[in-house]
Structures are given as C-alpha cells and as structure tokens.
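Here are a few friendly notes to read alongside the structure. Please keep the 3D view open as you go through the points.

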Amino acid sequence: MIDIHKFRPTMVYTIYIASTPEKVWEALTSAEFSRKYFFGNALEVDPRVGGAYVVRQPDGSVHINGEVVECEPPRKLTVTFNVNWPALIEKLGPTLVSYEIEPAGEVVRLTVTEAHDRPIEDDILSGGRQGWPAILSSLKSLMETGQALSIKMEPPQKMLAALKRLGIQTP
Amino acid sequence: MSSKPDFVYVTFIRTTPERLWTALTTPEFIRQYWFGMHCESDWKPGSPWKLVFADGRLADAGEIVEADPPQRLVIKWRNEWNAEMRAEGYSLCTFQIESVPDASRQAVKLSITHAIERTESKFIEAVSGGWPRIISNLKSLLETGSVVLPPKAA
C-alpha cells in the first residue's frame, strides 16, 4: 500500500470554478465528463480506497493506470496516476495525484497536486506541468460555459526525450 | 534544478490575444477581475507602472521592461505597502500570450512567470496565492461575462 507521507509535491495547481463541490467531484470521476475536457480520454474510477483509477484513450487502450488511495467525496480524491509505459514505475516510482475540492464562498477552489516519492528531473515533470493547466482550464470552461476547450497539445518533447534517456519506452 | 521560488501559472482561455491584452492593460477591465484594484501605466518600455488599491492607496510599483502587444509583457515589480516584502526588492513578472488551436473557436495560452532573485521570498509566496484567484476571475470574465470570485473576497 502506498505511504502518501513519502511523497513530495512537484506541482500544485489551484483554480477557482463557478460550480458546486458535488458537480466538480462528478466531473473529475465520470467518463462522460472527462471525455470532453481530458483530450478525449475517459476516466474510469471505482470510488473507494483500493478501487481502480484508469484513464482510457479514445481507441480503448489504457493510458493511465492507478488506484484510489484516499476517497472522501466530494472533498478529496487521491490516486496513483501512472502512465502505462513499460518500466516507468520501476525507474521513476509511482506518481500520486490528489484533487482537493473546497468551497470558496459560493464557488469551488480546486487544487490538484502531483507528487513523487523520489527526485524527478524537471524535463520529466514538464509533461505534467504542460498537461494539467490545459486539462483543468478545459474543465473550468466546460463547467462555466457548457463547452470544453479542445486544445491541440504538442507532445511534451522534453519529457519524451528524458524518458528515452532513462530507457523508458514511449509510443 | 532552480532553487529560486519562481511562481509559474499557465491557463488557457477562450478569447483572442488582442482581447486578453486589452483585459490585462485597461484599468476599467482590471478593476473587475482584480478585486477592485487597477494598474496605471502607458505600457511602453521604460514607463512607470503602478498597482493601486480601490481606495487609491499604492499597492505595488515598478516599470515596464518589455511590451510587445499582444504577445509579451514584462514588468519590473516591487511591493510597496508591506515593509518586509518591499525590502525584498524588485521581482520580474512576465506575461506570455500565445494563440493555440482550439477545435471550435480561438483559444489562447497565458503563461505568467513571477520571479525574484532570492532563495526565499514572502512576496512570491503572497503572489502565488493571489494569481490563481485573479486569473480564474479573468478567465471567467472573458468567457462568461462574470467573475468567479466576488469583489470583496481579496
């Protein structure tokens, strides 16, 4: 079982969304919602400690494989969030992502934290640092305007090059 | 790896680079998303820049270092109202605006980097809490016509 106290944050992103904690929780745990804001990927979550947390690409293949570590709806969801590439966990350890949903007056403050249990190169972290703002900006637009942003993201080249140097195969 | 406490915030907004530049540099607009505060400047390199509270008191001050509308704005920026933060000296705040392809309409990527030449900074810690609030407000204002956080919640 993951010991979350061994993990240190490498990225913290805070965004305020005009919505309710319950609706934001639903958006963060629903395949239907996530397809709209998460680059077409579908989030499949079994919302209990030990439940599976899977992100599936439009072609059905698994992009992220993980497990629920903390589950306190609608306030907190912590998961292991491991990209499904061979040797990644062996070489870099698991990635922990936590979503904290707090009321801020009538609206919501969502804080997403990515954490690791060992030092990770900035080039590798650049993938998440590029991806999360796009995903969360799109989520905010979806919840506030009914329409997600569908941003065409460039593959994170620095991250892919750094993973290759470590012998981690990427598609 | 940098030991400096730079704050970086990236957001994507459904708007045009020109509209975003206007929102960042027009006092009437700024007041709406910056909790009643506004900026005063002519936005030309070398010109002075001020951030002013709703009651007219000076909050922060500095100078425009670079201005390349609608893509890039760099401000030399020092807090003026808090003695400890003022003593830290000038920070550099860079706004980078890029068009990004969006399936339906145009979107922009706004990248803000707020940096100071110190290993620890109370000022950067303070703006790290402020920027997500201000930029969340700016994004909601441009996309929906209303801010997300009410004006008094500074």
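1. A definition to begin with: two residues are in contact if their C-beta atoms, placed from the backbone, lie within 7 Å. Please also bear in mind that this is a predicted model.

2. How many residues of chain B are in contact with chain A? On that definition, 22 residues of chain B are in contact with 22 residues of chain A. On the chain B side, the elements that give two or more residues are β1 (7-13) and α4 (122-144) of chain B. The most comes from α4(B), with seven residues. Sorted by kind, the residues on this side of chain B are 12 nonpolar, five polar and five charged.

3. Now turn to chain A and find strand β8, residues 107-116. Is this strand mostly covered or mostly open? It is mostly covered, since seven of the 10 residues of β8(A) are buried.

4. Next, look at the partners of β8(A). Strand β1 of chain A (residues 8-17) pairs with β8(A) in the antiparallel sense, over nine bridges. To find your place in this pairing, look for Thr14(A), which stands opposite Thr111(A) in β8(A).

5. Strand β7 of chain A (residues 95-104) also pairs with β8(A) in the antiparallel sense, here over 10 bridges. In β8(A), Leu110(A) has Ile101(A) opposite.

6. Finally, follow the chain from β7(A) into β8(A): these strands form a hairpin, with two residues between them. One residue to look for in the turn is Gly105(A), which has a positive phi of about 65°.

Technical notes. Residues are numbered from 1 along each chain as its sequence is written. Chains are lettered from A and ligands numbered from 1 in the order in which they are written. This is a predicted model: local features need pLDDT of at least 70, side-chain atom pairs count only at pLDDT 80 or more; totals for chains, interfaces and linings use all residues. A residue is buried if 20 or more other C-beta atoms lie within 10 Å of its own, exposed if 12 or fewer, and partly exposed in between; C-beta atoms are placed from the backbone. Helices (H or I, at least four residues) and strands (E, at least two) are DSSP runs, numbered from the N terminus. Two strands pair if DSSP finds at least two bridges between them. Ala, Val, Leu, Ile, Met, Phe, Trp, Tyr, Cys and Pro count as nonpolar, Asp, Glu, Lys and Arg as charged, and the others, Gly among them, as polar.
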